[in-house]
Amino acid sequence: MFKINILKRITTRFRTYLKLISLIGIACALILAAIFLVYKPIYSVTLNGEFVGYIEDKTGLQKKINEYIKYGTDNNVAFVELEELPEYHFCLHKKDVETSDEEIFNMIKEKGTTYYRYYAVLLATEPKAYVPTYEDAEQIVEGLKNKGSANQEKLTYVEVHDTELKDFTTVDTAISDLYEKPVEKVVKKVTTAKVYTSQKISNEKKELGISFAKPISGTITSRFATKSRVRSGIHTGLDIAAPKGTPIKAAAGGTVTHAGWKGSLGNLVIVSHGNGIQTYYGHCSEICVSVGDKVSQGDIVAKVGSTGNSTGNHLHLEIRLNGVALNPQNYLY
Ligand SMILES: [Zn+2]
């Protein structure tokens, strides 16, 4: 009897608790329902610490912002720099609150700086053309190289990041604008003449139509057409002794047709005066002209020396007409 009573009392209490818990649960649900009837969960957004509005779709807005930073809204955007990114704060707000996702996005966009990416074709360091793509820039530089443009060595291109977009040119326009006709290399016409060393001589005073001037002043040590122990053959010129380094002047105007070593004559300069007339300056210590140089009468062509088959400093002077050695003393000294 006693045991049954206890059991009854426990059961009754349990039921009461159960009812109470259910009631509390229902009450809570009702309160929550009432809250959500009036309020909704949203995000308040701050930009640089300042409240700018409410949004519902935080993920959506952030995705839009990320895409904007990456691609911007124009062509040729390298990236967009934003001064500040929004901060989101979760909150409950009355349902009639106005959300402004689009406005907030626009506000963020306004504070963004767009950096464009494009390519500049440079001549030396100066930009000459702007193109939207790397391929265009390469085509311009390659195109000008293929055409042999004179400025091809100075052409390059660079990638540019700038807040302003330039006026782009097409590949063809840039190539025709930048093309520079290659300068024809001025090759100095070098005329070398045969160096006559033949023993053909003539003592006859031929009218050459040229008046010669003395290349140096000095003592005549060996005359034309003489024979000597030091020479194998006949003397085809006139020897005038002078100190080493004495300047030798061209006997008449003409073109240098030889300037270098020539066997027994050592350092030899030959000046051709036209009509087959040449003057030879042998045994020089120094040569002052090059083949092809035009010289006037009196110009220094070499310096006295004793190079080649020579026993002392002197000038070996020859005058030749079509290879035949003439007696210089018919004209000089
Ligand atoms: Zn001589």
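1. Strand β1 (residues 39-47) pairs with β4 in the antiparallel sense, over nine bridges. Strands count as paired if DSSP finds at least two bridges between them. Helices (H or I, at least four residues) and strands (E, at least two) are DSSP runs, numbered from the N terminus. Opposite I42 stands C91 in β4.

2. This is a predicted model: local features need pLDDT of at least 70, side-chain atom pairs count only at pLDDT 80 or more, and totals for chains, interfaces and linings use all residues. Residues are numbered from 1 along each chain as its sequence is written.

3. The open sheet has three strands, in the order β2-β1-β4, with antiparallel pairing. Its edge strands are β2 (50-55) and β4 (86-94), and each pairs on one side only.

4. Now two helices. The axes of α4 and helix α5 (residues 171-178) come within 9 Å and cross at roughly 35°. Axes are lines fitted to C-alpha atoms, for helices over the stretch in contact, and angles run from 0 to 180 degrees between N-to-C directions.

5. In α4, D136, Q139, I140, G143 and L144 meet V171, A174, I175 and L178 of α5. Contact requires C-beta atoms, placed from the backbone, within 7 Å.

6. Y134 lies in helix α4 (residues 134-146). Is Y134 buried or partly exposed? Y134 is partly exposed, because it has 13 C-beta neighbours inside 10 Å. The cut-offs within 10 Å are 20 or more other C-beta atoms for buried, 12 or fewer for exposed, and in between for partly exposed; C-beta atoms are placed from the backbone.

Notes. Contact = placed C-beta atoms within 7 Å.
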